[in-house]
Amino acid sequence: MQKQEFTITLYTENSVGLIGRISGIFSRRKINIESLNTSPSEVEGIHRFTIVIQENEEVVRKLCRQLEKQIDVMKAYYNTDDEIVWQEQALYKVPADVVTEKVYVERLLRQYGASTVVIRQDYIVFETAGHREEIDRLTEELNKYGLIEFVRGARIAIIKNSAGIHQKVLQFENREPSPHIVENEYLDKRDNVFTM
C-alpha cells in the first residue's frame, strides 16, 4: 500500500503526560509526526489533538485503535486531506525597506492574504493562513527579498462529515444506565483468589 498524508484527530482528557504517551506510540512504530497541534475542543474539559503523518491506511487504522486504548483518549479519527477543512498559520519577518520600496512584495503579500502584525522601522511582521503549499510558495518568494525570519504553526483541521465530539458526549450523558447489574463474582472471595 502506498503512503499518503493522513490527519489524525484525537479527543482526550487534559491530563499530564498524555502527549508523551501518544508520541511514544508513534515512535515505537517508527512513524514520524509531521505536525502536532493540541487545543481545547468545543466541549469543556475535552482537548483535541491534530496530528499529521505520512503512512498507508492500514497502519493508520491500527494506530488509531492503539491510541483509543489509552485511558485518556476518548476517540481517534483519521482522515485524508479531502475529508477535512484545514489550515496552517505562518509568520514572516521582512525588512521594512523591501516592503515600502518594492511594489511587487506588497502585491505578493496581498495576493496571499497576509496581514500586518507588527510594523517597526527595521522590519515588518506579517501573518497568513493557508495550505502548506501556499505558505511554501510565499516563503520561497519572500526569500528572494531578504526574508529575515519565518515560522509555521501546526495544522488545525475540522472533519467535514462530523458532528464533532459534542454530540457523542450528549448521547453518552442521556443514555440510561443498564438495567442489568453485573456483580463481581470474586468480590467476597478475595482471600482465596489473591493468595501466594
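Predicted model: local features only at pLDDT ≥ 70, side-chain atom pairs only at ≥ 80, totals over all residues.
1. Lys62 comes out as partly exposed, since its relative accessible area is 40% and that value sits between the 20% and 50% cut-offs. The side chain of Lys62 forms a salt bridge with that of Glu58, at 4.0 Å from N to O. Glu58 and Lys62 both belong to helix α2, and their spacing of four residues is about one turn of that helix. Glu58 also counts as partly exposed, because its relative accessibility is 29%.

2. Now for a salt bridge of another kind: Arg152 and Glu88 meet through their side chains at 3.3 Å, N to O. This pair links distant parts of the chain, with Arg152 in strand β8 (residues 149–152) and Glu88 in strand β5 (residues 84–95), 64 residues apart. Is each partner buried or partly exposed? Glu88 has a relative accessibility of 3%, so it counts as buried. Arg152 is partly exposed, because its relative accessible area is 29%.

3. Have a look at Arg132 and Glu5 too, whose side chains make a salt bridge at 2.9 Å, N to O. Arg132 is in helix α5 (residues 132–143) and Glu5 is in strand β1 (residues 4–13), so this bridge ties together parts that lie 127 residues apart in sequence. Both Arg132 and Glu5 are buried.

4. How many salt bridges are there in the whole structure? The search turns up 16. Some residues from the points above show up again in a network of salt bridges, which links Glu5, Asp81, Glu88, Arg132, Asp136, Arg152 and Arg155. I'd display that set together when checking the figure.

5. On the surface, there is a patch of positive charge where Arg28, Arg29, Arg65 and Lys69 gather. Lys69 is placed in the loop between α2 (57–68) and β4 (73–79). With a relative accessible area of 66%, Lys69 is exposed, because the cut-off for that class is over 50%.

6. There is a nonpolar patch as well: Leu91, Val117, Val118 and Val151 make up about 290 Å² of surface. Val118 sits in strand β6 (residues 115–119). Its relative accessibility is 32%, so Val118 counts as partly exposed.

7. Ile33 deserves a mention of its own. It is in strand β2 (residues 33–40), and its relative accessibility of 25% makes it partly exposed. Which residues does Ile33 touch, leaving aside those up to four places away in sequence? They are Phe26, Ile51, Val52 and Ile53. For Ile51, the C-alpha atom is 6.8 Å from that of Ile33, although the two residues are 18 positions apart along the chain.

8. Finally, the overall numbers. The protein has seven helices and nine strands, and 38% of its 196 residues are buried. Among contacts with a separation of 6 or more, 76% are between residues 24 or more positions apart. The accessible surface is about 13,100 Å², and carbon and sulfur atoms account for 49% of that area.

Terms used
Residues numbered from 1 in each chain as written. Heavy atoms only, no water. Patch = residues over 30% accessible without salt bridge, like charges linked within 9 Å, V, L, I, M, F, W, Y side chains within 5 Å. Areas by Shrake-Rupley, 256 points an atom, 1.4 Å probe, with all protein chains shown as cover. Lys, Arg positive; Asp, Glu negative; His and termini not counted. Charge placed at Lys NZ, Arg CZ, Asp CG, Glu CD. Helix = DSSP H or I, 4+ residues; strand = E, 2+ residues; numbered from the N terminus. Buried < 20%, exposed > 50% of the residue type's maximum accessible area, 1.4 Å probe, protein only. Contact = heavy atoms within 4.5 Å.
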